[in-house]
8 protein chains.
Amino acid sequence: MDKIIDVAVIMGSDSDLPTMAECLKIFDKFGISYSVNVGSAHRTPEHVKKCVQKSIATGAKVFIAVAGMSAALPGVVASETTFPVIGVPMDGKYLASMDALFSVSQMPPFMPVACVSIGKAGAINSAILAIQILAINDAKLADKFKVYRQDMAKSIVAKDEKLNKTGYVKYIEEMKK
Amino acid sequence: MDKIIDVAVIMGSDSDLPTMAECLKIFDKFGISYSVNVGSAHRTPEHVKKCVQKSIATGAKVFIAVAGMSAALPGVVASETTFPVIGVPMDGKYLASMDALFSVSQMPPFMPVACVSIGKAGAINSAILAIQILAINDAKLADKFKVYRQDMAKSIVAKDEKLNKTGYVKYIEEMKK
Amino acid sequence: MDKIIDVAVIMGSDSDLPTMAECLKIFDKFGISYSVNVGSAHRTPEHVKKCVQKSIATGAKVFIAVAGMSAALPGVVASETTFPVIGVPMDGKYLASMDALFSVSQMPPFMPVACVSIGKAGAINSAILAIQILAINDAKLADKFKVYRQDMAKSIVAKDEKLNKTGYVKYIEEMKK
Amino acid sequence: MDKIIDVAVIMGSDSDLPTMAECLKIFDKFGISYSVNVGSAHRTPEHVKKCVQKSIATGAKVFIAVAGMSAALPGVVASETTFPVIGVPMDGKYLASMDALFSVSQMPPFMPVACVSIGKAGAINSAILAIQILAINDAKLADKFKVYRQDMAKSIVAKDEKLNKTGYVKYIEEMKK
Amino acid sequence: MDKIIDVAVIMGSDSDLPTMAECLKIFDKFGISYSVNVGSAHRTPEHVKKCVQKSIATGAKVFIAVAGMSAALPGVVASETTFPVIGVPMDGKYLASMDALFSVSQMPPFMPVACVSIGKAGAINSAILAIQILAINDAKLADKFKVYRQDMAKSIVAKDEKLNKTGYVKYIEEMKK
Amino acid sequence: MDKIIDVAVIMGSDSDLPTMAECLKIFDKFGISYSVNVGSAHRTPEHVKKCVQKSIATGAKVFIAVAGMSAALPGVVASETTFPVIGVPMDGKYLASMDALFSVSQMPPFMPVACVSIGKAGAINSAILAIQILAINDAKLADKFKVYRQDMAKSIVAKDEKLNKTGYVKYIEEMKK
Amino acid sequence: MDKIIDVAVIMGSDSDLPTMAECLKIFDKFGISYSVNVGSAHRTPEHVKKCVQKSIATGAKVFIAVAGMSAALPGVVASETTFPVIGVPMDGKYLASMDALFSVSQMPPFMPVACVSIGKAGAINSAILAIQILAINDAKLADKFKVYRQDMAKSIVAKDEKLNKTGYVKYIEEMKK
Amino acid sequence: MDKIIDVAVIMGSDSDLPTMAECLKIFDKFGISYSVNVGSAHRTPEHVKKCVQKSIATGAKVFIAVAGMSAALPGVVASETTFPVIGVPMDGKYLASMDALFSVSQMPPFMPVACVSIGKAGAINSAILAIQILAINDAKLADKFKVYRQDMAKSIVAKDEKLNKTGYVKYIEEMKK
């Protein structure tokens, strides 16, 4: 029997996996259960459809779809489920990655994808956004997330304090180490 | 006493209201309760903060933030709440509206905004995405949304049937009426 | 029984029809049989699939898929058939129509779409390209197309001659009439 | 005597050859006969014309033209033949390769080029698209191509299965090897 | 017998003529003799070639080539003559006219086009640049051009003086008349 | 004798004046004395130089330079003075006004221009920024500006209150009046 | 007690520090006192607010805010002070850094940020612009800056002289050393 | 006494020299006499003016001006001479070099710059274009240039022949050596 999951992650190519590991690590840290699939909107539409249906059957409430270039996967996943779909535009070699960003964000009316940042920042943000959505009805997760965010803020303030103690010249030297 | 709401909509300017009416009409149709506020991230940061806090206090679980140009409002709202924030890039007169789209979507890691399409399509999609998020834990809403989506699909298929009955010349003539 | 067709035209929205009429008129002129369908990649994926399957069953050898914004339809059609797919990026209000152009052209490896120009020029060019493909194995059509192209060239040369007879001032005056 | 060919490939520069090798390898695999020429639309227009004429004389039914920057070659080839022309925008160092993409795709009405993706993906897709066009009237090739596409789909599904067996951490480790 | 000309102007379409009239008027004013032709690089390559050859035969020393979208004409003209070619990117409806600008300016090494501004400003600037080139070996033209430029400068300074006399409110009022 | 001024405004063309009136009105309101000149960096470089020198002689401490297209004026003014120069990129018809924005903002190291928004928003912001700079050493102006900003904030909050009283349907109706 | 400062520098991330060191070195050279802080508009809004307030309390008259991607920090700092704010768009990996440039420059009316160049050039220019602003009321600093600028000009002229003495071949050789 | 020159080359920075060496080598080959200067439009406007005046005094008939980012130098040179000015947009790290291209090409009406390609291709093309302009009145140079261009064409045809002899696999192998 398939394990119960909260989030279904579908990537257009396994080459997206090293970047999306940033997303999965955050889920691991928060104890979010998830599925990960490789499936191309264009090359394996039936497989993508099956992944979506299986994910729904095993409890997925939020989808994360990842693709580069003419990034159709997030939209295709959105067309196969009524659950919210987060789209991560993967960075490519050309067009300054505008192709993926425009394809993911410019969805037609009545069929949204929640587009996040390009590349690694987007991988991270897709995890955070999924957690924020799940936390609406999970008070424990919400509390955990608030602490997480406070810790992140604290670590930035700590950097500020360190910078003001050491001075910028020394700080940069230590960054290089 | 303030009424209980599900979604908080904050616009950077009241000039966004005619476009965002498309969003509010959908909420009205679905019986989603919402607040609407005008508040500028840059010109009234304290007011924006108050709107966010009040919205949280009155039950908001999803935020929709709307802005054009250097569209900071979605990010600023995201920094004031741990609930998910949907960002609508408003269309502007210059830069082919890339300024708003890039500002809303390219959020730094760990601080996502769910960016939807530019302008009116985004206004509509922000409502649909909010409903999809709320429907995760609201079976009635989920059912209603599924019917809504099926009806939308049916209306497209109906257009296809009409086109195939009347032929394209007559169809276009009737479109012009 | 469905009529035998050579080309299947699928549009993401009936609002594309007035522009695509330019394509259909050329087919009418050349006696190319075609089907026309409205079907959204995102909103009616099953209907699109059916249109593609029915088109194949009734003889379609070339597909033309038309969409704007995050223009997924050409790619989705390409994933459902092994026949060549011509994609027409429809013009939109934002991003200088780069969103549609990038979505249609930047297909992943092994899954091409034959992208033509944006908007009306693309509507015309999709018809011409389909004819060129069909003409490979249709000597009569090939001959007809060669004459058509020569006539087009002649009409440009005729304009040149007229301009050189009347002079530019008078030529512009007559253009305005 | 020149060998009979199906596809004529013309590159604006021999520096395009390593990228276009991806195209030629696919033709080799499918047993498609082809010619390859280097000829610059701007620097050797007569030579390009001769290449096109000779290709037609030796049986070419589909043309592939490859160029970067102000990529005029596909359009120039299109002006010299009534057979379909596939254009591959080569990647360049500047303008995020928009110059080549816009030059290849934005052809004037009545003179289409079938634009595919930028760079290596486009090299691959030009081969696939040419095969799809040739397969319209070649049942054996059509069957071969369907198997090829199914194999491609299977290899993606196989990656998905491997990922789900090994887990993402190990999968990434093995990718690095 | 054809009249002796100094500049050959070739436009991709007669729709460019109203814009290019700005160029021709300047030639008329300076007494520069010129030819004007309509000829499409893609649709009438032979005609373009003939226009270039005839222009050379009748004395043309500078060429002006005008085109929009995938603006191949300036490059094609450059490939048919060793005289300098000025390219005017015509404005189009899509891509913010980047397609024409990139096509005209991004010529491959060893085959320059002298690209000027987009649209009407470019039409004017093509005339001025041609005059500057011709004036290198025409002292009278050079003197005439210097006076012309001084007059232009004076007219700007005169506007400045008027503005400072009337004040900005009144100046704007008078602009509206 | 020339009046003492605080700010020197130089426009590349008198066609910029209706837009820049938004700037001048704010100076009028705050009692900031200013000069206004029309002078083209390219067509009247000597005149621009004189305007800058005269402005310095009459007390100007801040410069505002306004230009569109290849907007060289702000940089040219910056090269003629050591006082801070605010650059306003004027909107143009092509390139989505990126030409003016990039020209004004992308100054080489050691020669800054303070670039503000494109068009009317930039005209307004140039005035506000000049006031902020002058207010550093003018306590009265600083106080006046603080009140001005508070009033602006209040007017936004007032709109928010009105919207919440009347409801969005009625608010939009009243906007149309 | 906190030291009196003239300029407050706030960076969105400590990763901006190596680039911004170019700014701080110039301040060190000119004897401008400054504070440096790390604070994220999105992740530590309260900390940013505190930094701004403390900077004002310790005498800051000019702010420099530095950020990449959806670069909200300059605008957020501008909303917290009436002193002039210089914004430095940091370079990022995607969108050719247009995201940061558009976010910093395209501020809404009445809330300017003085946008300088992207990346290192912007870091340098932010220092120069701050000095130009401070020098308005500091005759010594103004004199020092004039000498500095003259020295910079001299060093360029010296390069010109060297180039003309050594010739370009040798000059390039020496550049490589 | 200064030597008589035909072409004046002015670069905004000595860092442009390695790229512009491609231009100077061509002049050396053709026996074109030239001056080379380093001078910044923004940082040494007086020096640029002197360079232009001295170049005119020593016989320059064509100017080549080279700059990156907000590339004002070509326009500034154009404003100081009535001779034709060729502008080379230097490549930069950001904005995909659109900043330099737009600044050089988008000159206001009546003040043209002959914009060539970005970077090294532009360096080469600026030399070729200058030669084409000078050759109008120099029959020997014109003949030399025609031979040069034919040789270039021959070398491309030779590559084509080699490719067709060796086959693409071997040709690529030899390219790598």
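The legends below describe close-up views of a predicted model.

View 1. The secondary structure of chain A comprises 7 helices and 5 strands, and, read from the N terminus, its elements follow the order β-α-β-α-β-α-β-α-β-α-α-α. The C-alpha trace of chain A extends over about 60 × 40 × 30 Å along its principal axes. Of the 177 residues in chain A, 65% are buried. Among the contacts in chain A with a separation of 6 or more, 67% are between residues 24 or more positions apart.

**View 2. The relation of chain A to chain D.** Chain A is superposed on chain D by a rotation of 90° with 0.0 Å of shift along its axis, at an RMSD of 0.0 Å. The two copies are therefore related as by a four-fold rotation axis, and the C-alpha in chain A that is nearest this axis belongs to A:Ala96, at 4.0 Å from it. Only 8% of the interface residues of chain A are also interface residues in chain D, so the two copies meet through different surfaces.

**View 3. The interface between chain A and chain D.** Chain A contributes 24 residues to the contact and chain D contributes 22 residues. Between them the two chains bury about 1,800 Å², of which 74% is on carbon and sulfur atoms; in chain A, the residues that lose the most area to chain D are A:Asp14, A:Tyr94 and A:Leu95, which together account for 32% of what that side buries. The count between chain A and chain D is 1 salt bridge, in which the side chain of A:Asp14 meets that of D:Lys159 at 3.8 Å, N to O. Across this interface, 8 residue pairs are in polar contact, with both residues at pLDDT 80 or more.

On the side of chain A that touches chain D, the elements giving two or more residues are helix H1 (17-30), strand E2 (34-38) and helix H2 (45-57) of chain A, and the largest share, 6 residues, comes from H1(A). By class, this side of chain A has 14 nonpolar, 6 polar and 4 charged residues.

View 4. A rotation of 180° with 0.0 Å of shift along its axis superposes chain A on chain B, at an RMSD of 0.0 Å, which is the relation of a two-fold axis. Here the same surface serves both copies, and 100% of the contact residues of chain A recur in chain B. By contrast, no contact joins chain B and chain D, whose closest C-alpha atoms lie 16 Å apart, and none joins chain C and chain F, where the closest C-alpha atoms lie 8 Å apart.

View 5. In chain C, the closest N and O atoms of the salt bridge between C:Lys61 and C:Asp6 are 2.9 Å apart. C:Lys61 lies in the loop between helix H2 (45-57) and strand E3 (62-67) of chain C, and C:Asp6 in the segment before strand E1 (7-11) of chain C, so the pair ties together parts that are 55 residues apart in sequence. C:Lys61 is partly exposed, with a relative accessible area of 26%.

In chain D, D:Asp6 forms a salt bridge with D:Lys61, with the closest N and O atoms 2.9 Å apart, and this pair links distant parts of the chain, 55 residues apart. Both partners are partly exposed, D:Asp6 with a relative accessible area of 22% and D:Lys61 with one of 27%.

Key: Residues are numbered from 1 along each chain as its sequence is written. Chains are lettered from A and ligands numbered from 1 in the order in which they are written. This is a predicted model: local features need pLDDT of at least 70, side-chain atom pairs count only at pLDDT 80 or more; totals for chains, interfaces and linings use all residues. Side-chain values use heavy atoms; hydrogens and water are left out. Copies are superposed by least squares on the C-alpha atoms of residues with pLDDT of at least 70 in both. Contact means heavy atoms within 4.5 Å. Buried area is the accessible area (1.4 Å probe) that two parts lose on being put together, summed over both. A salt bridge is a side-chain nitrogen of Lys or Arg within 4 Å of a carboxyl oxygen of Asp or Glu. A polar contact is a pair of N or O atoms within 3.5 Å; within protein, one must be able to donate a hydrogen and the other to accept it, and residues adjacent in sequence count only if both atoms are side-chain atoms. Helices (H or I, at least four residues) and strands (E, at least two) are DSSP runs, numbered from the N terminus. Ala, Val, Leu, Ile, Met, Phe, Trp, Tyr, Cys and Pro count as nonpolar, Asp, Glu, Lys and Arg as charged, and the others, Gly among them, as polar. Buried means under 20% relative accessible area, exposed over 50%, partly exposed in between (1.4 Å probe, protein chains only).
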